[in-house]
Amino acid sequence: MGILVEPALLLVLWQTDSLPAVRQPPAIIKQSMKEHIVDPKDTMVIECEARGNPHPIFSWRRNGKYFNVARDSQTSMRRRSGTLDIYAWNNPEQYEAEYQCIASNEYGSAYSNKIRLRLYSKEEVLEPVVVSAGLPLVLSCDPPRGPPKPDTYWMPFNWPVQTAFPTMQPVRPDRRVSMGVNGDLYFSNILFNDSAADYCCNARFPYKNVIQQKMPVVVKVLTTRTVAEAAPTWLSPTGSSSSILVLQGEELLLECIGAGVPTPGITWTKNGDDLVVSPRMKVKNFNKMVQIPKASFDDAGEYTCTATNKIGYIEHTITVRVKAAPFWLEKPTDLVLAPEENGRLLCHSDGAPRPTVSWFINGEPIETATPQPNRQVSGDTLTLRSVTTANTAVYQCNVSNQFGYLMANAFVNVLHATPRIIGPRNELIKVIEGSRTLLDCRYFGSPVPELRWSKYGQGTLEGNRFKTQGNGTLEIKNIQIEDQGTYVCVVSNVAGRDESQVRLEVKEPTLIVTRPQSMKVIRGSDVRFECVVKADATTPVTTTWMKGKKHVTLGWRISLDESNLVITNVNGGDEGNYTCVIKSELDQKYASARLMVMDRPDPPSKLELSDPYERSVRLSWVPGDSNHNHITEYLVQYDDDDWLPGKWRNLSTYPGNLNSVILHLTPFTYYEFRVIAINEIGMSRPSRPSMRFQSSGAPPDIIPKNVKGVGTWRNNMEISWEPLTYREWNGPHLKYLVWWKRRDSREEWKNATTKWLRYYIYDADTFTPYDIKVQAVNDFGLGPESPVAIGYSGEDRPLTAPLNLRVSDIESTQVTLHWDSVTRGSMMGDLKEYKAYYWRDSSQLRWLRVNRGMKSKAFPDNDPEPSGVLTGLIPYSNYKLYIVVANNRYEGPPGNNIHFSTPEGVPSVPRSFRIQQRHLDSIYVDWDLPAEPNGVIIGYSLKYQTEESRVEEFTPNVTSFSVRRYDRYTRYRFSVAAQTRIGIGEWHTEESPHYTTETYAQDQVDISTQGWFIGIMCAVALIVLILLIVCFIKRSRGGKYPVREKKDISLEPVDDNDQEGSFDYRIARISTLPYPRREEERGLQRGQLSMDAMMKRSDSDDSLVDYGDGGEIPFNEDGSFIGQYTGTRRDVRELDFGGNLELHSPMNTIYSLA
């Protein structure tokens, strides 16, 4: 026997699956609320979603008229949806209106509710409120409109002086201050402290997670000498009576807020009797509000609130009326009917007053729609008999009274369809033995098909453990192994039939044979939870472990051994409930165990200080969890650093059975304390610090250290000492009491008090000893005195200089000094040291320029025969020297200057050492004179080697060398050093580059051998020659400019050092300017250049220091002078070196030609 399914149930089956070939009228599935509040700053969205086949087309009405969305540039409708997006860039207020969405296709039209779009209220500028103390005050909030109704609260803005941001804490209501139902803030009477903050109203929308904040209100309170008492008056509501209309099921709030001094109390009655607070009712806000979350008709009546203080009382009666907006008893549902079937739409509702019912077809009132003889309306019921396709439409039911309306859409779809099974076919379903199983067979057809279930296509399954549900699903209870097999579902009607098969497999259930056991372990040990499973052989299972409600994360410390959980090195974080989850594709099993870890204790909490004294305070705390191990002791730490908080130090330890101890402290110190609990496992984390505490004051305990007296001027003395640290003050306003008297005298001690770290004594004799001592003092008394120290008044400039300065043991780089000591009486202070000032005046090589910078060196006093050694001198130099004596403040007058000369030493390294490869078969090296010859250079030594070392000796004027290469791939190491009579100086060593190619060698060829260079030099010589000829012709014609002629003057060798075998060539000089001879000699010394510079200088230079002496040259009448310059330039290397090499300047020849 088949099962006949009701049309409404068939419709549910149809709507839950996609049947694109079946037509369907529109149905609204999503829409915005009737009262839709939006923020104009964001995109305003009005939702409207519908389904149907074909897909509906959407349109909108605004204020009952067609709204052309396409022509409005600030609105758009989403694709395949009726949802409206409004981008209110300009004038958003124009979009505040009533909107209705219409979804239509060829089978009908569905209408949404009428949606009222409203905008949030705008911000306003609030003026300061001025009120006298004792008067009531109401601060208006006017929060944005809902729904949903926002949560309103007030925040005071306090601006502490020491912070850059306000402190924000919600205003806490009390008997005097209340927040009303409308969001306003009520003050029953104003106090002066109410002006300490600005008040700001905030509205929070919980579903949008948005907070709107109004501008703060400034409250200024006018104070009076006394605040007069006042009888109660009403702030909300006003008057003696009011009424409230509430709808059934809505929240009912009754509020009475009174004003007066003192603040009045509130009591309630209902219908003349004391108000009985039922479980549905709450009395809140210090008895000022009665809240009923869901009002019923029983809550109607007269509620009286009474405000009372000692001056009087006042009453207010609130009449509550309860009505009901329309509400559904039964909404109309969609119908899918076959031709000639009957159907009915029910629209049952109720309300107070009873709502009226109106019917519409595709949005058109049914009274004006096309009449149909098979359609009948009877109140809230619409009946269709023997339906045809003409009855296909969307029907709307509207029920309304004066408090609201409800509207529902329901379509009637008349069609003739062959039976069809919806969903997958030929399924394989696996189940567990003993379970309850459902075999689905959802179908569709019109007229409603007949359904039949069978096993292997034979018979009908019904009764006993088998039951066919109304939606076509076959239910099998307590399934057994023999129920395994193939099940067939067949549906049929007059239009045809359809069938589907389901193959059922029954498996054995999964069982946990060995369950994990709870355990208690020590931190750091290993744990193993057993979980052994038995399951169907053909069904794979997986094992996972849960800790609490989270999966256990496996890693190096937590791992799985088959299905067992292993935890190594357990810590406190591992404590908890562990669950073994055995899961197969059909079922899952659980088994749990608890792990307790004995760990170090939790930190103590709620530290409190009490019984403060000068040097102690009591500290109490609440012990933390011992974590399954007894607490043995507590460690108390403290922090007393005001500038760098967080530096905790240990104070003391106490037994673990104590939670209140006496702490011994330093006076007048700010403290913070924290406590650490200790058990056998270890130490807990520190507790939160206690409140900041300052101990009482006491006189200082510490003696000022390092007391000393030093003069800063000749007639004063500065007494100084190390200050006491802030922890050593023991009280406020620390100062120092300074004592002093002249040493070895009978005068009494003098004293002075200062808050600084030094004190000055004036009108003292120069460098006089004093006895001094210092003691600290604060507001609580005097501290101990320091030991007596000896100080001295100021020093003056020494009167005499050390005499008889002399030198001995003169070496090339050092000399020993001797002098006579000065008398103590002339020091005008303590003899600190002797100080020698010296400078290198010149070199014994007259052509060498020197640095005359002054240097100094101090020598301590080593009576009776003071002496010292000057080091770091340069050999072969002339030095000047004088010495002074110094005390701690001044240096005395300088003594007599002395001169001394250092002997020769070994020279420094030759400069500019270069290695070049000018040809493939030779290497060329050259160098320059040492920066410090330290004597007369007598030659150079050059060492070079590849496999064996060779040494070449050169005369002073030879500074280059060429060596032939026998192998292009061999590298040479060259070392060069200059030598004087004393010996060879420091060697300079370099290694030749690795020359291996002809190209590189060609790049190293001397530039003087290049053709282009020779050509340029010839051109320059020709131009110079032409210019000289022109100058000679003009001079012959009497031109008014100086000219110079040079003649060769023979060089006369003067044997100044016969014993050394060297020669000194002296150049005759001709004075050409009226300079003193001394200035010319200085010019000659400053004009001594390096060897290269003197080789390159031209004889046309204007310097006069290179020429011999001579008489003055007469000037012509035009101021020019004509003289004859003679003398030949020589290589500087000949100076003082000996030898008879004579070099002539190439410019002499040019002058001769001119």
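User: Where does Glu340 lie?

Analyst: Glu340 lies in the loop that links β32 (335–337) to β33 (343–346). Strands (E, at least two residues) and helices (H or I, at least four) are DSSP runs, numbered from the N terminus. Please note that this is a predicted model, in which local features need pLDDT of at least 70, side-chain atom pairs count only at pLDDT 80 or more, and totals for chains, interfaces and linings use all residues. Residues are numbered from 1 along each chain as its sequence is written, and side-chain values use heavy atoms, with hydrogens and water left out.

User: Is Glu340 buried or exposed?

Analyst: Glu340 is exposed, with a relative accessible area of 55%. Exposed means over 50%, buried under 20% and partly exposed in between (1.4 Å probe, protein chains only).

User: And what is Glu340 in contact with, leaving aside its neighbours within four places in sequence?

Analyst: With those neighbours left aside, Glu340 is in contact with Ser386 and Val387; contact means heavy atoms within 4.5 Å. The C-alpha atoms of Glu340 and Thr388 are separated by 6.5 Å, although the two residues are 48 apart along the chain.

User: New topic: how many bridges join β54 to β55?

Analyst: Two bridges join β54 to β55 (residues 550–551), and the strands run antiparallel. Two strands pair if DSSP finds at least two bridges between them. Met546 stands opposite His551 in β55. The hairpin of β54 and β55 has two residues between the strands, and Gly548 takes a positive phi near 65 degrees there.

User: What about β54 and β58, in which sense do they pair?

Analyst: Strands β54 (residues 541–547) and β58 (residues 576–584) pair in the antiparallel sense, over seven bridges. Thr543 has Ile582 in β58 as its bridge partner.

User: Which order do the strands of the open sheet of four take?

Analyst: The order is β63-β62-β65-β66, with antiparallel pairing. β63 (649–655) and β66 (693–694) stand at the edges with a single partner strand each, so one side of each has no neighbour in the sheet. Eight bridges join β62 (residues 631–639) to β65 (residues 670–679), and Leu635 stands opposite Ile676 in β65.

User: Finally, which residues touch the most other members of the largest nonpolar core?

Analyst: They are Ile46, Trp60, Leu84, Ile86 and Tyr99, in a core of 31 residues. A nonpolar core is a set of buried Ala, Val, Leu, Ile, Met, Phe, Trp, Tyr and Cys residues joined through side-chain atoms within 4.5 Å. A second, separate core has 22 residues, including Trp847 and Phe974.
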